[in-house]
2 protein chains.
Amino acid sequence: MQTIVKEPTTRNAINTFHAILEAAEDLFYKNGYHKTTVNNITSQAGIAAGTFYLYFPSKLSLYKHLLIQMSHDIRREIASKIADKTTRFEKEREGIKAFINLVRRRPHMYNIIWESLYIDRELFRDYYASFAKRYVRGLDQSVQQGEIRALDTEVVSYVLMGITNFIGLKVVLNLGDKNDDVDRIVDVVMDLIRHGLFITDAPKP
Amino acid sequence: MQTIVKEPTTRNAINTFHAILEAAEDLFYKNGYHKTTVNNITSQAGIAAGTFYLYFPSKLSLYKHLLIQMSHDIRREIASKIADKTTRFEKEREGIKAFINLVRRRPHMYNIIWESLYIDRELFRDYYASFAKRYVRGLDQSVQQGEIRALDTEVVSYVLMGITNFIGLKVVLNLGDKNDDVDRIVDVVMDLIRHGLFITDAPKP
């Protein structure tokens, strides 16, 4: 996923750059990508229309920049929360919790990330493919260290991303009951991931 | 979720109705909801522009009709595939497989369902809330019958919907390797759901 963006260096330029990003994030969430124009963005950011193009060649390049930034924000947030955890179990638990708390603070992340499906399907594919790739690397290590079972780690990565995303949706959109207690919800999820769902006397293979 | 649609009764009217739905499904997938006009739909369906309004009061009501129809199609497909299964384990396995095979045949289902997030957030909420409600009913039964553990079944329903959706995405968008063998992928998923992910000597609670 490539984007041609002129990263600013002076303090003024940095402020303008961030004002553009903030306005765009807000407008894409409220009105959607297709209905938002560059003029809407510069007007909300309080800058001259032409200034936009000092930083971004197009609305699409701005969107791509936002998408990459969000993916970095998610990774950084999770990484910082699991840095001091030693077991894979704790890493997964804190990772899911970090993701949910992040999208709670920034609920429009779902909108903007999933909207890539309607802007350029390849962006959506790249987003999850690259997330899965990093996930698989961590899972493979845990298999080698004997912490998790030797299942197909690529399939496992999509299972875990699916769980995290849908539990996040439940909390952010307040679907169903008791969504305030994120710790409790994550405990249920981890119990299921640890011990399985079914009552069975068969030993773990 | 309500929609005011005049369901047709004569053979001609039924054909026209379905031609409109088919054209809309195709155009919403290709160009998105917002970029598709009623004129685009009638023109692709090969009918006079005014005819549209004999069936649907608006583009939005047509979209809602499609969304409800898809949700019924998914439920009917899953129900038919699990009708003769007796254990919850088999029902879950066949249910996931039925969903994946359905979205493989109709990959634009994701687009159209998730696009509700950008058309009217309440539609998206309703869609998953009502799906979860039915899921919970089935899971609660299985808890009572001693087939699955007494976890919070609402949380469990989002976990299972998340897994199914993201595994479906992996297959439909061909993310990663070996996506042709749906049976094998579902076996990995069910192994994980049955026995858990982590290697632990702790007994199942």
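Here are legends for a few close-up views of this predicted model.

**View 1. Chain A on its own, a chain built from helices.**
Start with the overall picture: chain A has nine helices and zero strands. Along its principal axes, the C-alpha trace of chain A spans about 70 × 35 × 30 Å. Out of 205 residues in chain A, 35% count as buried. If you take the contacts in chain A with a separation of 6 or more, 60% of them come from residues 24 or more positions apart.

**View 2. Helix α7 of chain A and its neighbours.**
Helix α7 of chain A covers residues 121-144, which makes 24 residues. From first C-alpha to last, α7 reaches 35 Å, close to the 34 Å expected at 1.5 Å a residue. Which residues of α7(A) are buried? They are A:F124, A:Y128, A:A132, A:L139 and A:S142. Within chain A, these buried residues pack against α5 (88-105), α6 (108-119) and α8 (153-172). After α7(A) comes A:G146, and the phi of A:G146 is positive, near 75°.

**View 3. The largest nonpolar core.**
Zoom in on the largest nonpolar core and you are looking at 91 residues. Those with the most contacts inside this core come from both chains: A:V159, A:I167 and A:V189, along with B:V159, B:I167 and B:V189.

**View 4. A closer look at A:V189.**
What does A:V189 touch, leaving aside residues up to four places away in sequence? In chain A, the partners of A:V189 are A:I96, A:I163 and A:I167. From chain B, A:V189 touches B:V155 and B:V159.

**View 5. Where chain A meets chain B.**
Here 52 residues of chain A are in contact with 52 residues of chain B. On the chain A side, the elements giving two or more residues are α5, α6, α7, α8 and α9 (182-195). The most comes from α8(A), with 13 residues. By type, the residues on this side of chain A divide into 29 nonpolar, 10 polar and 13 charged.

Note on methods. Residues are numbered from 1 along each chain as its sequence is written. Chains are lettered from A and ligands numbered from 1 in the order in which they are written. This is a predicted model: local features need pLDDT of at least 70, side-chain atom pairs count only at pLDDT 80 or more; totals for chains, interfaces and linings use all residues. Helices (H or I, at least four residues) and strands (E, at least two) are DSSP runs, numbered from the N terminus. A residue is buried if 20 or more other C-beta atoms lie within 10 Å of its own, exposed if 12 or fewer, and partly exposed in between; C-beta atoms are placed from the backbone. Two residues are in contact if their C-beta atoms, placed from the backbone, lie within 7 Å. A nonpolar core is a set of buried Ala, Val, Leu, Ile, Met, Phe, Trp, Tyr and Cys residues joined through C-beta atoms within 7 Å. The expected span of a helix is 1.5 Å times one less than its number of residues. Ala, Val, Leu, Ile, Met, Phe, Trp, Tyr, Cys and Pro count as nonpolar, Asp, Glu, Lys and Arg as charged, and the others, Gly among them, as polar.
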